[in-house]
Amino acid sequence: MMDSNSKKVRTSDVELKDRLVAINRVTKVTKGGRTFTFSAIVVVGDENGVVGYGLGKAGEVTAAIAKGVEDAKKNLIRVPLIKGTLPHSQESKFGGAQVLVQPATPGTGVKAGGAMRAVLESAGVKDVLAKSKGSSNPHNVVKATFKALMEMQDAAMVAKQRGVELTKVFNG
């Protein structure tokens with residue numbers, strides 16, 4: 001990991017699993033005919049608080065996915081988790097997509113749809129209530145979810161920013 005204020009994570013520190021969120025076929029019409037390419041959005045994570053996403057574009061599906069995985073490994077973030085759930089509720093917006101993520105009690109599971117589910121499961125969140133409002137475009141939903149996760153703060157982070165020791169806060 002890098003310094004304590006940064007949420008970025010080095011790839012060499014973690015074992016990552018990848019999930020394909022969406023794949024698009026893109027058609028370019030030229031004088032010579034149609035050219036098909038593929039774009040893939042991929043989420044990688046260690047299911048223990050580290051997650052990243054990437055976009056890959058190529059002439060073949062497998063190559064697009066591989067490029068997406070490499071891109072995702074370049075922008076990993078660390079998500080604060082408390083007993084398998086999030087520390088607090090968070091709302092976020094990216095483009096037309098708006099997301100809401102809330103902590104849930106143990107045993108609830110991941111109550112989220114599509115693109116949000118892939119991000120939250122890859123991050124290692126076991127219990128969460130999530131709602132995607134507005135656009136269902138997977139690219140924007142993934143980016144809005146990441147924005148919400150990056151804004152998450154646990155008690156230790158807030159105490160450090162305020163210059164207070166956690167033992168003083170909890171012990172009186």
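User: What is a salt bridge, and what is the N to O distance between the side chains of E121 and R117?

Analyst: A salt bridge is a side-chain nitrogen of Lys or Arg within 4 Å of a carboxyl oxygen of Asp or Glu. In this predicted model, the side chains of E121 and R117 form such a pair. The N to O distance is 3.0 Å.

User: Why are E121 and R117 separated by about one helical turn?

Analyst: Both residues belong to helix α2, which covers residues 114–123. E121 has 23% relative accessibility and is partly exposed, and R117 is likewise classed as partly exposed, at 32%.

User: How many salt bridges does a search of the whole structure find?

Analyst: One of them joins K17 and E47, at 3.4 Å from N to O. Another joins R19 and E47, at 3.3 Å. For the whole structure, the search gives a total of five.

User: Is E47 buried, partly exposed or exposed?

Analyst: Buried would require under 20% relative accessible area, and exposed would require over 50%. The relative accessibility of E47 is 29%, so E47 falls between these limits. E47 is therefore partly exposed.

User: How many residues apart in sequence are the parts that R19 and E47 tie together?

Analyst: The side chains of R19 and E47 meet in a salt bridge. R19 lies in strand β1, whereas E47 is in the loop between β2 and β3, so the pair ties together separate parts of the sequence. These parts are 28 residues apart.

User: Which strands stand at the edges of the open sheet?

Analyst: The open sheet has four strands in the order β1-β2-β3-β4, with antiparallel pairing. An edge strand here has a single partner strand, so one of its sides is left without a neighbour in the sheet. The strands in this position are β1 and β4.

User: What angle does the direction of helix α1 make with that of β3?

Analyst: In the sheet, β3 pairs with β2 in the antiparallel sense over eight bridges. Helix α1, residues 61–74, packs on the sheet and touches β1, β2, β3 and β4. The direction of helix α1 makes an angle with that of β3 of about 140°.

Technical notes: Residues are numbered from 1 along each chain as its sequence is written. This is a predicted model: local features need pLDDT of at least 70, side-chain atom pairs count only at pLDDT 80 or more; totals for chains, interfaces and linings use all residues. Side-chain values use heavy atoms; hydrogens and water are left out. Buried means under 20% relative accessible area, exposed over 50%, partly exposed in between (1.4 Å probe, protein chains only). Helices (H or I, at least four residues) and strands (E, at least two) are DSSP runs, numbered from the N terminus. Two strands pair if DSSP finds at least two bridges between them. Contact means heavy atoms within 4.5 Å. Axes are lines fitted to C-alpha atoms, for helices over the stretch in contact, and angles run from 0 to 180 degrees between N-to-C directions.
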